[in-house]
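Reader: Hi! I'm new to this one, could you walk me through it?

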Amino acid sequence: MIERFDTGPRMSEMTIHHGVAYLAGQVPEDTSADIVGQTEQVLQAIDDLLRLAPTDKTHILRAEIFLADMADFAGMNQAWDKWVAKDATPARATVEAKLANPAWKIEIVITAAVP
C-alpha cells in the first residue's frame, strides 16, 4: 500500500511505502528571507510533513540539499546545525543546482523511516 499526502495534479508532498517516507523537495515560501531564513522555513516544512507520517527528524535516513549558490553553504549549515538531531544525523549530500524558481536559495529532499 502507498499512502500519499498533500496530493495535487502533478505531485504529492510525501508518499509512504513499506515504512519509508519520501518527501518531495521542500522550498521556502518567503523568498525575501536570506539563506538562513529560507533554510529554517524548509526545515519547518519538513518537520510538519514528518509529523503527518508519523515520524520525526531523528528517523531521517537521507537528506539531499540543493543550493542555488554554494556561497550559501555556511549559512545553510548554520540553520541545519541548530535543527538536526545531534545523535541521529542522516546521510547527506549538498550540491549546487539551478532551482525551478530563481528566488529560491534552497530545496531539500528527505527520506525517513516511519517506525
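**A first look around**

Reader: Where is P54 found?
Author: P54 is found in the loop between helix 1 and strand 4. Helices (H or I, at least four residues) and strands (E, at least two) are DSSP runs, numbered from the N terminus. The peptide bond leading from A53 into P54 is cis, and its omega is near -10 degrees.

Reader: Before we go on, what sort of model is this?
Author: This is a predicted model, where local features need pLDDT of at least 70, side-chain atom pairs count only at pLDDT 80 or more, and totals for chains, interfaces and linings use all residues. Residues are numbered from 1 along each chain as its sequence is written, and side-chain values use heavy atoms, without hydrogens and water.

Reader: Thanks! How many strands form the sheet, and in what order?
Author: Six strands make up an open sheet, ordered 1-2-3-6-4-5, and the pairing is mixed. Two strands pair if DSSP finds at least two bridges between them.

Reader: And which are the edge strands?
Author: Strand 1 (2-7) and strand 5 (91-96) are the edge strands, each pairing on one side only.

Reader: What joins strand 2 to strand 3?
Author: Four bridges do that, between residues 12-17 of strand 2 and residues 20-23 of strand 3, and the two strands run antiparallel. For example, I16 has A21 in strand 3 as its bridge partner. The two strands form a hairpin with two residues between them.

Reader: Is V20 buried or exposed?
Author: V20 is buried, at 18% relative accessible area. Setting aside residues up to four places away in sequence, V20 touches T15, T111, A112 and V114, where contact means heavy atoms within 4.5 Å.

Reader: And how far is V20 from F66?
Author: Their C-alpha atoms are separated by 21 Å, with V20 and F66 46 residues apart along the chain.

Reader: New topic, helices! Which strands does helix 1 lie across?
Author: Helix 1 (residues 35-52) lies across strand 1, strand 2, strand 3, strand 4 (60-67) and strand 6.

Reader: What about helix 2, which of its residues are buried?
Author: In helix 2 (residues 73-83), the buried residues are G75, M76, N77, A79, W80 and W83. They pack against helix 1, strand 4, strand 5 and strand 6.

Reader: One last thing: what is W104 in contact with?
Author: Its contacts, leaving aside neighbours within four places in sequence, are V27, P28, T31, Q38, A68 and L99. W104 is found in the loop between strand 5 and strand 6. The C-alpha atoms of W104 and V114 are separated by 29 Å, with the two residues ten apart along the chain.

How values were computed
Buried < 20%, exposed > 50% of the residue type's maximum accessible area, 1.4 Å probe, protein only. Axes fitted to C-alpha atoms, helices over the stretch in contact; angles between N-to-C directions.
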